[in-house]
Amino acid sequence: MSEPFHRTATGIAVDLPDELRRWLLGEAEAAGADVVTIGDPVHHRLLGPIDLSADHDDPLIELQRQFAVEGPLERFVATAHATLLSEDEAEEWIRAFQLMLAAAAARLAVQTDDDVAALKEEAAAELTTLQAGISLLIDALDA
Amino acid sequence: MDGIDTGLSGSTDTLQRIDSPWDVVLWNDPVSLISLVVRVLRKVFGYDKAKAERLTMEVHNDGKSVVWTGEKEKATAYAVALHGYALHATIQPSA
């Protein structure tokens, strides 16, 4: 099998099986839905307060952060079936994969290395698949 | 003469706090790859590879690291940028 991501003269070529693309789309859509659900662990993990000295963050900052999280996920969904990405799109995929990874970890209540070690095989595979995607995309962009 | 209570003492405290430096603290998490954290620190702060790697290893080994110190507005913007990569960052008045 060829590399899932590799640099070409015109961008980053993507060679992913359709089944994997559908799975990634599902992860992105789940992360996007959970992050706007108040009380959901994904919302707390990705949009928790950043100024620990204040009672709550500035509403404008909260809005900026929501855009910073939702934007990459939406742009990934819009390009999920692409076979060639620009450098900017590939960077957005890294951000989206990283957001999906953090969302999955929050859903699985993973907070420590011991939590990761205690995961069942299928749950661990969810995390390692996303980590592999991030690592391979970084390699392709840095090549 | 006794001092006049201007009612501004609280405001002065607030001004001092805004002018004082703030830290951006990056917290460890068990799933983010070291290579990703190094890449993001270089991209967001413009750090060279050696500094980004040193800070990343501080986060990994100590659980957190102060990755930038300066004015509050910039500290907030940096924390927002780190959150855009799902990295857990907070801001706090610098010690």
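In this predicted model, strand β1 (residues 22-27) of chain B is joined to β2(B) by six bridges, and the two run antiparallel. Together with β3(B) they make an open sheet of three strands in the order β2-β1-β3, with antiparallel pairing. Chain A has an open three-stranded sheet too, ordered β1-β2-β3 and likewise antiparallel.

- From one strand to the next, the twist averages 30°.
- Helix α4 (residues 72-83) of chain B packs on the sheet and touches β1, β2 and β3 of chain B.
- The direction of α4(B) makes about 165° with that of β3(B).

**Chain B: the helices and the chain as a whole**
- Chain B has four helices and three strands, and along the sequence they follow the pattern α-β-α-α-β-α-β.
- Helix α2 (residues 34-45) of chain B packs with α4(B) at an angle of about 140°, and their axes are 11 Å apart.
- The crossing of α2(B) past α4(B) is right-handed.
- To find this contact on your screen, pick out V40(B), V44(B) and F45(B) on α2(B), together with Y78(B), A81(B) and L82(B) on α4(B).
- By class, the contact between α2(B) and α4(B) has six nonpolar residues, no polar residues and no charged residues.
- Chain B has 95 residues, and 38% of them count as buried.
- Taking the contacts in chain B between residues at least 6 apart in sequence, 69% join residues at least 24 apart.

**Chain A: the sheet**
- Strands β1 (5-8) and β3 (84-85) of chain A stand at the edges; each has a single partner strand, so one side of each is left without a neighbour in the sheet.
- Strand β2 (residues 11-14) of chain A is joined to β3(A) by two bridges, and these strands run antiparallel.
- In this pairing, A13(A) stands opposite L84(A) in β3(A).
- Helix α6 (residues 121-142) of chain A packs on the sheet, touching β1 and β2 of chain A.
- The direction of α6(A) makes about 10° with that of β1(A).

**Where the chains meet**
- The contact between the chains takes 27 residues from chain A and 18 residues from chain B.
- On the side of chain A that touches chain B, at least two residues are supplied by each of α3 (59-79), α4 (87-107), α5 (113-117) and α6 of chain A.
- By class, that side of chain A has 16 nonpolar, six polar and five charged residues.

**The nonpolar core**
- The largest nonpolar core has 60 residues, and those with the most contacts inside it are L99(A), M100(A), A103(A) and V24(B).
- Helix α4(A) gives the largest share of this core, 13 residues.
- Leaving aside residues up to four places away in sequence, A103(A) touches A30(A), A31(A), D34(A), V35(A), V42(A) and L46(A).

Conventions. Residues are numbered from 1 along each chain as its sequence is written. Chains are lettered from A and ligands numbered from 1 in the order in which they are written. This is a predicted model: local features need pLDDT of at least 70, side-chain atom pairs count only at pLDDT 80 or more; totals for chains, interfaces and linings use all residues. Two strands pair if DSSP finds at least two bridges between them. Axes are lines fitted to C-alpha atoms, for helices over the stretch in contact, and angles run from 0 to 180 degrees between N-to-C directions. Two residues are in contact if their C-beta atoms, placed from the backbone, lie within 7 Å. A residue is buried if 20 or more other C-beta atoms lie within 10 Å of its own, exposed if 12 or fewer, and partly exposed in between; C-beta atoms are placed from the backbone. A crossing is left-handed if the near helix is turned anticlockwise from the far one by less than a right angle, and right-handed if clockwise. Ala, Val, Leu, Ile, Met, Phe, Trp, Tyr, Cys and Pro count as nonpolar, Asp, Glu, Lys and Arg as charged, and the others, Gly among them, as polar. A nonpolar core is a set of buried Ala, Val, Leu, Ile, Met, Phe, Trp, Tyr and Cys residues joined through C-beta atoms within 7 Å.
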